[in-house]
Amino acid sequence: MEVLRHRCFLAIAGCASWLWPVTCLAHTPSKGLQGFYTGALHIYSEVPLIVAFMALGLLVGQNTDIKTLRLSAAVFFITILLSSVLAGFAWIEFNPQTLAFALWTVVAVVSLKVALLPNWGRNISVLLVLCAAAVLGQMTLPDPGPFMSFAVTMAGSVSACILGFLCCVASVNLLYERFQLLWQRTIFRIFSAWMFAISFLLLAVQYTNKLS
Amino acid sequence: MKLLNPKAFISMLLMMPVLAFAHSEQGIAGGFISGFTHPIFGWDHVAAMVAVGLWGAFLGMPALWLLPVVFPVVMAVGGALGVLGIDLPHVETVIAASAIVLGACIAAALRPPLWVAAIVVAAFAIFHGHAHGTELPDAANPFAFAGGFVLGTGLMHIAGIAIGYLVRWQWGVKIVRGLGAVIAFAGVGFLLGFLAA
């Protein structure tokens, strides 16, 4: 984490993120790998998935214990891979409405925990990461198609999920360790409470739609 | 920092609404603006939300974070009741009463135990949430509407907290208590119909 505390880091990160889209969009994807980019961009264009990454970032990123960070990351990687493979190749999949319901439930529980008890219950946090990764893995499933194209698109989606998770965790961890101030923890709690409110309301909307 | 000239900044802020409302928005943007303005253009909501932030700042830590956290959490439960079509009695009356009670607590410099303050705020939050929640299923984009009104509510809490920071000075305490009294009187106006909510 020392490197993240370095004064130059923010400047370098800012320049890199400013340059990144230009570099990224300057070239068309390699032939045969278009699916990879389609899968990756699909993840970042879904608002519920972004909200889920933010909630997970707030949950995991507020840990200062490196062992917990590693364990949470390992659980996320393994679970999302298993979940995607099971959904993609063993056809153990759920319908989109059930998945959306599950995703908002996980986001609501994660946000509530972060808002009220951010540093309590390491095992519960890891369990929540596992649940979220299982749901996210199911949501990365591309449309059916030829095996190779299907596998490449799924690889893009899973990679984007892992990157999204890492970016959110690292950002929150950076802020948490950089400014060890009360106001910053207060903002994290209030922001999590807002995310709980949004996810809980959307759960209610989905439940009403299901009933009607 | 020269760029942050206060006069220029205030002038820009004054011009912003004209630009923002010059175009009608559809879809996600429309849903967000509709949700965002729902608590902001209801004066009874504004009074109560600002009062929550003010009271949190007045009570100090940990009420400073607990009250603005409890409010949206419980408000979501009230909102869910509204979405599910479960009616609550006298919603508008209780919303007006929330401004009276919270404003009076600030004006009287009441410092109840933390759990009492949390329960008072939570009880009112259910009714505020219900008022917003009833409009949610009809929104073009429920996510944008929910995001908008939660953000609007939260920003008013933050405004209340920011004003409440004046309590660090002796003269500031008087101003904050005075604002509490204004909110309480406004609540009476909403309740009796003198002021339009």
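Which helix of chain B holds Asp44(B)? Asp44(B) is found in helix H3 of chain B, and this briefing returns to that helix several times. The model is a predicted one. Chain A has nine helices and zero strands, while chain B has eight helices and zero strands.

**Chain A overall**

- The elements of chain A follow the pattern α-α-α-α-α-α-α-α-α along the sequence.
- Chain A has 212 residues, and buried residues make up 38% of them.
- Of the contacts in chain A with a separation of 6 or more, 87% are between residues 24 or more positions apart.

**Helix H3 of chain A**

- Helix H3 of chain A spans residues 34–44, and its buried residues are Gly35(A), Phe36(A), Gly39(A), Ala40(A) and Ile43(A).

**Chain B overall**

- From the N terminus on, chain B runs α-α-α-α-α-α-α-α.
- Chain B has 197 residues, of which 48% count as buried.
- Contacts in chain B between residues at least 6 apart in sequence join residues at least 24 apart in 87% of cases.

**Asp44(B)**

- Asp44(B) counts as buried because 24 C-beta neighbours lie inside 10 Å; the cut-off for a buried residue is 20 or more.
- Asp44(B) and Ile100(B) are 56 residues apart along the chain, and their C-alpha atoms are separated by 9.9 Å.
- Asp44(B) is also among the residues of H3(B) that meet H5(B).

**H3(B) against H4(B)**

- Helix H3 (residues 43–59) and helix H4 (residues 63–83) of chain B have axes that come within 7 Å and cross at roughly 155°.
- That angle makes H3(B) roughly antiparallel to H4(B), since angles over 145 degrees count as roughly antiparallel.
- The crossing of these two helices, H3(B) and H4(B), is right-handed.
- H3(B) contributes Val52(B), Gly53(B), Trp55(B), Gly56(B), Ala57(B) and Leu59(B) to the contact.
- H4(B) contributes Ala63(B), Leu64(B), Leu67(B), Pro68(B) and Phe71(B).
- The contact of H3(B) with H4(B) comprises nine nonpolar residues, two polar and no charged ones.

**H3(B) against H5(B)**

- H3(B) also packs with helix H5 (residues 91–107) of chain B, at an angle of about 30° and with the axes 9 Å apart.
- H3(B) and H5(B) are therefore roughly parallel to each other, as angles under 35 degrees count as roughly parallel.
- The crossing of H3(B) and H5(B) is left-handed.
- The residues of H3(B) in this contact are Asp44(B), His45(B), Ala47(B), Ala48(B), Ala51(B), Val52(B), Leu54(B), Trp55(B) and Phe58(B).
- They meet Ile95(B), Ala96(B), Ser98(B), Ala99(B), Leu102(B), Gly103(B), Cys105(B) and Ile106(B) of H5(B).
- The contact of H3(B) with H5(B) has 13 nonpolar residues, three polar and one charged.

**Positive phi in the loops of chain B**

- His90(B) is not a glycine, yet has a positive phi of about 50°.
- His90(B) sits in the loop between H4 and H5 of chain B.
- With 10 other C-beta atoms within 10 Å, His90(B) is exposed.
- Ala109(B), likewise not a glycine, has a positive phi of about 55°.
- Ala109(B) lies in the loop between H5 and helix H6 (114–133) of chain B.
- With 13 other C-beta atoms within 10 Å, Ala109(B) is partly exposed.

Methods
Residues numbered from 1 in each chain as written. Chains lettered and ligands numbered in written order. Predicted model: local features only at pLDDT ≥ 70, side-chain atom pairs only at ≥ 80, totals over all residues. Axes fitted to C-alpha atoms, helices over the stretch in contact; angles between N-to-C directions. Helix = DSSP H or I, 4+ residues; strand = E, 2+ residues; numbered from the N terminus. Parallel < 35°, antiparallel > 145°, perpendicular 65-115°, else oblique. Left-handed = near helix turned anticlockwise from the far one by under 90°. Contact = placed C-beta atoms within 7 Å. Nonpolar A, V, L, I, M, F, W, Y, C, P; charged D, E, K, R; others polar. Buried ≥ 20, exposed ≤ 12 C-beta atoms within 10 Å, placed from the backbone.
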